[in-house]
Amino acid sequence: MKFSDLPTPAYVVDEENLIKNLEILSGVQKRAGCKILLAQKAFSCYAFYPLIAQYLSGATASGLYEARLAHEEMGKENHVFCPAYLNSEFEEISQICDHIIFNSFPQKHKFAAKAKNASIGIRINPEFSTQGGGIYDPCAPFSRLGVTKANFDESGLDGVEGFHIHTLCEQGAEALAQTVEVFEKSFGQYFKNLKWLNLGGGHHITKQGYNIPLLERTVKRLADKYGLQIYLEPGEAVALNAGYLHTRVLEIVDNGMQIAILDASAECHMPDVLEMPYRPPLKNSGTPNEKPYTYRLSSRTCLAGDVIGDYSFDNPLKEGDILTFEDMAIYSMVKNNTFNGMPLPAIVKKCGDSYEILKTFGYVDFKGRL
């Protein structure tokens, strides 16, 4: 298909940009001797799993369904962490996962005996925040994620082969190096008895300006000093800047400013815009009043606050214009919803100048969730 033939709204994953990210990550693996896993919570478009498997060591899951997806569609190392496992799901998890990480020693004591073929890990909370709090900070006060020093049960380490930390979110290698220093100071005495350390996700490895040499030095030092296999599990870095959301202008209304109603929705199709919140990049646009024509971009849902943001353009917008939001492969398909009966965007693969529709959605997808 050609660009002009694409339906809207549509998520478009650019295979060439995805490969650029994967090549960077593959290089880190080779130079640092670590293993990098796809964190599916950010990007679960499994049509690309065979491609990702050519570059990365496997995937990590947050529960049974993601673990099944990686097992069925990628077929490489399959790791899982969940704050609390269900009795009804754990048998299957134990059959398809190579590494199972527990959030507490009671969880480990409850389930580890049933995970005979998996390498067992414990998630640690190093109690060192580099984010300053907020909903994405696993080290914020009263966090439920990971075992703190005060709750660490040295007597419960039998059968434990690895520690897992995950403290970062869209951060650089400097934050990781600082965290590792604290982690090692508090728990390093136990590293010599382990086989692996998982340093989690949140590493913005493929972002321009990321300090890759510092990441590699940090990883390699840990591996060499303690004889450990080091894992990283970025999600965003795998598909950063590798996707777009194409949307169409349906109507222009005026209520003190020009407002464009689109067939895409912040609430339904890019919920992080409202949740974080943030202003998504839009191709060929500027900040308000930077260019001659400023519009508030909103949706056709009935939610008054379903507003994407204010953008300016070189020319007036009109009905039928196509707008392209950038960096929309991550945390979009995995978090979207059908509030108000909004249709889900199509999923499209871009390769060069050609497009292939991978999946479309309709009424049955809306009804089937209810």
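Buried means under 20% relative accessible area, exposed over 50%, and partly exposed in between, with a 1.4 Å probe and protein chains only. By this definition Asn284, at 62% relative accessibility, counts as exposed. The model is predicted: local features need pLDDT of at least 70, side-chain atom pairs count only at pLDDT 80 or more, and totals for chains, interfaces and linings use all residues. Residues are numbered from 1 along each chain as its sequence is written, and side-chain values use heavy atoms, with hydrogens and water left out.

View A. Helices (DSSP runs of H or I, at least four residues) and strands (runs of E, at least two) are numbered from the N terminus. Asn284 lies in the loop between helix H10 and strand S12, and its phi is near 60°, a positive value in a residue other than glycine. Asn289 is also placed in the loop between H10 and S12; the phi of Asn289 is near 70°. With a relative accessible area of 66%, Asn289 is exposed. Most residues other than glycine have a negative phi, and most peptide bonds are trans.

View B. The bond from Thr8 to Pro9 is cis, with omega near -5°. Pro9 belongs to the segment before strand S1 (10–14). Met276 and Pro277 are likewise joined by a cis peptide bond, for which omega is about -15°. Pro277 lies in the loop between helix H10 (272–275) and S12.

View C. Eight strands close into a barrel in the order S2-S3-S4-S5-S6-S7-S8-S9, with parallel pairing; two strands pair if DSSP finds at least two bridges between them. Neighbouring strands of this sheet are turned by 25° against each other on average, direction ignored. Helix H4 (residues 87–96) packs on the sheet and touches strand S4 (77–82) and strand S5 (99–102), where contact means heavy atoms within 4.5 Å. The direction of H4 makes about 135° with that of S5; axes are lines fitted to C-alpha atoms, for helices over the stretch in contact, and angles run from 0 to 180 degrees between N-to-C directions. Strand S2 (residues 35–39) pairs with strand S3 (residues 58–61) in the parallel sense over three bridges. Within S3, Ala59 is the bridge partner of Leu38.

**View D. Packing of helices H3 and H4.** Two packed helices are described by the angle between their axes and the distance between the axes. For helix H3 (residues 64–73) and H4, the axes come within 10 Å and cross at roughly 30°. H3 is therefore roughly parallel to H4, given that angles under 35 degrees count as roughly parallel, over 145 as roughly antiparallel, 65 to 115 as roughly perpendicular and the rest as oblique. Their crossing is left-handed: the near helix is turned anticlockwise from the far one by less than a right angle, whereas clockwise would be right-handed. Leu64, Ala67, Arg68 and His71 of H3 meet Glu89, Glu92, Ile93 and Ile96 of H4. By class, this contact has four nonpolar, one polar and three charged residues; Ala, Val, Leu, Ile, Met, Phe, Trp, Tyr, Cys and Pro count as nonpolar, Asp, Glu, Lys and Arg as charged, and the others, Gly among them, as polar.

View E. The axes of helix H6 (residues 173–187) and helix H7 (residues 212–226) come within 8 Å and cross at roughly 25°. The two helices are therefore roughly parallel to each other, and H6 passes H7 in a left-handed crossing. Residues in the contact include Leu176, Ala177 and Val180 of H6, and Leu214, Leu215 and Leu222 of H7. Eight nonpolar, one polar and four charged residues make up this contact. Thr179 lies in helix H6 and is buried, at 0% relative accessibility. Beyond its neighbours within four places in sequence, Thr179 is in contact with Pro126, Phe128, Thr130, Ile165, Thr167 and Leu168.

View F. Strand S12 (residues 293–299) and S13 pair in the antiparallel sense over six bridges; in S13, the bridge partner of Ser298 is Val307. Strand S13 (residues 307–313) is mostly covered, with six of its seven residues buried. Ile252 is found in strand S10 (residues 243–254) and is partly exposed, at a relative accessible area of 24%. Not counting residues up to four places away in sequence, Ile252 touches Gln258, Ile259, Ala260, Tyr295 and Leu317.
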